[in-house]
Every structure is written in structure tokens, then in C-alpha cells.
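I opened a new page for this protein chain. My plan is to look things up one at a time and write down what I find.

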Amino acid sequence: MIVRRIEEVASRRLAVKFSDGSDSGARPPRGGTGPEPTAEQMDSLLTRTPLTTLDEVQLLDTTLRDGEQMPGVSLTPAEKVDIARELDAAGMHLIEAGSACTSEGEREAIRRVADEGLDATVTSFARGVKRDVDHALDCGVDGINLVVPASDKHVETKVGSTRDDVVDRTVELVEYAKDHDLWVEVLGEDGSRADLDYLERLLGAGLDAGADRICYCDTVGAADPERTAEVVSRLADRGPTSLHTHDDLGFGVANVHAGLKAGADTVHGTVMGVGERAGNVALEEVAIALDQSYDIDTVELERLYRLCRAVSEATGVALPPNKAVCGANAFAHESGIHTDGTLKDGTMYEPYPPETVGRERRLVLGKHAGRAGVKAALAEHDVAVDDDELSEVVSRVKELGDRGKRVTDADLLAITEDVQGRERDRHVELVDLSATSGGNLPTASVRLRVGDEERVASGTGDGPVDAGLEAVRTALAGDSAGEGVSFELDSYHVDAITGGTDAVVTVEVDLSRGDRSVSVSATDADITRASVVAMVDGIDRLLSAAAEDGSAPDAASLADD
């Protein structure tokens, strides 16, 4: 059994907590008496105070277990392995791979994660029954998260037991698990609503029996920061303590901070906050907040956005646009005042650079756009305009935004071409599309005009849209003599803009090719046609830009680039 560094941190915390010395190891507050502040210090008016004596907080990800309990989410073994790899690459300390007692299929998924040879400690959820521990052992995990009832509601009503019986059973299971070389964390379910004296007795008995740590669980997200601090301060005096919080009252992150300040050193959570009801605390939010506000390390921050996207794709849970760290609008600016300020100084309207979490800043055009933002957006596509042309482009962008439309890159470039009286030769154009979703395998075929020739190709997919996009990729793939036109679909979004059975939809896509990217939208009553049109128009824009700067071949040989 490999001893993980998580317990080294816990031991370090206990050594500091019970030290006779007066030096707590905490960083002193910024400000007060002492040397004159530097220019960098004066640049910020925020005064940071130490949250914890630790310079590193451990994270336990339960996306594969608690996150999968979100209604409508079900992960295949392959998807669990893919997410686990991303979690490990980001430096996640512990990964709860699932609940081995659920089914043989779940056990197979846990086995595959455990067999990956990850640096993270891989665990399985286990109820307070011996059979669950045996299932976990059969999966080859490093440890278990042993969940036992803590509140009287759970002890008496849920499992029909008594306090004394739960304590005795917990001790037996911890000893059994440790005898089989498992790392053990004991979680008191519904601990935030438990009698505090009993909770301390229950979890303390687990530690005395050999458990590596205990966990404060706000199982139903009912606690406030004050209650969290009260409970955790008692538990942390007994031994290494973790936090498991939910967001039903919107206190998820706040309770994490209160718990860390009260003595905890490890946080349970999920990527994007996916989970039952209002979800768990979002680990990416915990990580960035601890780094930016308290200089506390957790995981590799630059991999957070990639991690969120991986979980979103696997679970089917969309990234909310206004979500911290991973939301589409987190680093997007439309307002003319904000855009102008951001172009002058990236910190003007952002608390930290987007690159910190693996993102890029975006300038979004709409009715609030200003001259600076429009000019910068055109510059990204290597398009120059004089002052009069810029004024006209800005006016038309605002008019389009006033009609409630998001102004994409393609819209902006089309407006500019019209203002400047330029005609653009298309490199790729959709001639015909047919798609069917009947039967077991949705299929689609497309006919594209690529340069001076026509290409016909078909594709299959999970649905007609997926099949249509695959057909486009095939048509542009070239032949054995060339690599074809390569591109990446970075985002895909659909909005219904009318109601009823004859609804019209708008599809927006973000495509990239090399270091260039473009956003395009298309509207149609047929979602498949709208999707394919948007995709083809985006590819055409990317190829046009490449041709103008000489980085792409002429139209006749586009398929062999």
C-alpha cells in the first residue's frame, strides 16, 4: 500500500496545531507595520488574511460517484476512465471512483480506474456493511470512504439502529478494512444536523480504531458557515478532517472556507459542482479561490477548463455561461467601456488572467460594443479599417445587436466586407444535404463545392446532426495523397428562437484551425441543416483567412493541405 502525501499534510497540520511554539506557520497579514509596500503590493487594495496554517489543501474528487448521482447522468466505464485520467493529470489527490456495492457494471468501472496506475489515491464509497468493504477490496482500490449514519434521523429512521450500535459497527468495519491494508476515511452522514457530542464520539471512535481521517458531511446542504466552523473545530481536534459540502443554500464554497479556517485540510467536491439536488461544491471554484485569495495550492490550475469540458461532454451537463472558471462568459467582454478598459489593461475587469485556468479572453460583439472592441475583433482576423469604415461597422453591429442577435465573427466580417465594398470568393460551400434518423444508425450525406470541384461524402453518428458533421469532415478529408482540411469544433450551441412544433433554431459553433478561430451561426427550421451550414461557413471563413495571409494553398488544392 503506497502512503499518499495527503496524510503527510494532515500530520504536518497536527504538529503545528499542538506545537508549544508560538509560530503558527501562517503567513502574516498583508499590511500593518513593517517595510514600505512595493509597487506590486500597492497595485492591489485587497488585504489577505491567512485562512489556514497549510500552504497546500488536498482535494478529493467525487464526480465519478456523487456527481453521477445527478439525475440523468450515467457514466460508462470508458468515460469514468477518461475523466479519472484528466483528474490525475490535473494533480487531484484522491479520486472516489464510484460505489462498488451498486452493481457488477459499476465494479468493473472502478476496477478499470484502479488499474490505471494513477498517482491519485483511488477509493470506493462504502456503506456501513462488511459486504461493501469486500466489494471495494475486489475492485483493487487503495481505500474506502466509509459512510455511516450520524444524525438521529439517519440512525433511527433510515437504518433502524441505535447510536451505540452504529459506533460499534463503525469500529468493526474500520478495523476490518485496515487489516486488509485499505486507506480509510470515516464520514458521518448528515453530520451537520447531528448531535455534536455524538458526532465527535462516533468519528473519534473511527480514528481510535485506525481510520486515517474523518469527514464532516453537510449531506443535504443545510448548514451555514457558522455551524460548519463550530462542528469542524471540534472534529479537527481529534484528527485529520475533511469537508463534504453541498450547495442547496448556496453556501458550498463559503462552508469550505469556514471549515478550512476551523482546522480541516481536505475538501470533497465535484467538477462543475455536478451532483444530486443543487449539486456538490465545485472543485474548480475551490481551487481558484484558494489560490487567488489565500495563496494556497491545490491542483494544476491551468488544466481546470479542460477538466470541466471533459466532464461536461461525458455527463451531458452544459457549462452554464455565467459559471466561474468554466463558463463561456467568465472572460468575455461586450460592453464598450469594459472592452476598452480590458484592452488597455487585462486586470481592469478580470480578477485573474484567463490563462491561469487554461482559458482565453473573448471580445463579444453586440449592441453594447464600442469602437475599441470592434477594431480589436477585426484585428484578430487581420482586417484593417479606416475611421469612417469603423464607425459604419460599429453602427451596423449595434443595429444587429438591438434585434436580439449575437454578432458572430462571420457576421462581423460580412458587415465589414459590405462596408468596404469587397466581394469574397468562397472556398467551401454547401450544395446539398440529406439526413435520416430512421433505423438504428442515423446517416447523412453532403455535397460540397470545394474550390472548383464537388465532393460527395456520407457519415454516421449518434444522431442526424452528428452524422451530418461527420459527413462534412469526410468530404474535406482529402484522399490518400493528402491530409485534407483539418479543423476543431470547439463549441456547439443550439437555441430555439420560436415556439411550437414549427420552431426555428439557431445553431452557433466555434471552430479553430491552427491558431485561428471563428464563431458562426445559422438559422433554420431543420437543426441538422442549420448545424451543417454553420460548420461549412465557419470552415470557409477559416480557409479564407488562411488564404489571405498565404498560409493555405489555392482553391484547387484545398483538400490536400
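Entry 1: I began with Ser312. Setting aside its neighbours within four places in sequence, I found Ser312 in contact (heavy atoms within 4.5 Å) with Met272, Val317, Ala318 and Leu319. Ser312 sits in helix H12, residues 304-315. I took helices (H or I, at least four residues) and strands (E, at least two) as DSSP runs, numbered from the N terminus. Ser312 counts as buried because its relative accessibility is 13%. Buried means under 20% relative accessible area, exposed over 50%, and partly exposed in between, with a 1.4 Å probe and protein chains only.

**Entry 2: what I am looking at.** I noted that this is a predicted model, where local features need pLDDT of at least 70, side-chain atom pairs count only at pLDDT 80 or more, and totals for chains, interfaces and linings use all residues. Residues are numbered from 1 along each chain as its sequence is written, and side-chain values use heavy atoms, with hydrogens and water left out.

**Entry 3: the whole chain.** I looked up the totals next. The protein chain has 18 helices and 16 strands. Of its 561 residues, 49% are buried. I also checked contacts with a separation of 6 or more: residues 24 or more positions apart account for 66% of them.

**Entry 4: helix H7.** I turned to H7, residues 163-179. This helix has 17 residues and reaches 25 Å from first C-alpha to last, close to the 24 Å expected at 1.5 Å a residue. The expected span is 1.5 Å times one less than the number of residues. Which residues of H7 are buried? I listed Val166, Val167, Thr170, Leu173, Val174 and Ala177. They lie on the same side of H7, because they cover an arc of only 135° around the axis. The arc is that of the directions from the helix axis to the C-beta atoms.

What do these buried residues pack against? I wrote down three strands by name and range: E3 (121-127), E4 (143-149) and E5 (183-189). The helices are H5 (130-139), H6 (152-158) and H8 (196-208).

Entry 5: Asp181 follows H7. I found Asp181 in the loop between H7 and E5. Its phi is near 60°, a positive value in a residue other than glycine. Is Asp181 buried or exposed? At 54% relative accessibility, Asp181 counts as exposed.

**Entry 6: helix H8.** I moved on to H8. It has 13 residues and reaches 18 Å from first C-alpha to last, close to the 18 Å expected. Of those 13 residues, 10 are buried, so H8 is largely enclosed by the rest of the structure. Among the buried ones I noted Leu196, Tyr198, Glu200 and Gly204. The buried residues of H8 pack against H7, E4, H6 and E5, and also against strand E6 (213-218) and helix H9 (225-236). H8 is followed by Gly210, whose phi is positive, near 120°.

**Entry 7: another serine.** I looked up Ser151, in the loop between E4 and H6. Ser151 is buried, at a relative accessible area of 2%. Leaving out neighbours within four places in sequence, Ser151 is in contact with Glu189, Asp190, Arg193 and Ala194. Glu189 is 38 residues from Ser151 in sequence, yet 7.2 Å away in space, C-alpha to C-alpha.

**Entry 8: two crossing helices.** How do H14 and H16 cross? The axes of H14 (residues 371-380) and H16 (residues 409-420) come within 11 Å and cross at roughly 95°. H14 and H16 are therefore roughly perpendicular to each other. I kept the cut-offs: under 35 degrees is roughly parallel, over 145 roughly antiparallel, 65 to 115 roughly perpendicular and the rest oblique. Axes are lines fitted to C-alpha atoms, for helices over the stretch in contact, with angles from 0 to 180 degrees between N-to-C directions.

Val374, Ala377 and Leu378 of H14 meet Leu412, Leu413 and Thr416 of H16.

**Entry 9: Ala377 itself.** Ala377 counts as buried, at 5% relative accessibility. Beyond its neighbours within four places in sequence, Ala377 is in contact with Leu365 and Leu412. I looked up Leu365 too: 12 residues from Ala377 along the chain, with 8.4 Å between the C-alpha atoms.
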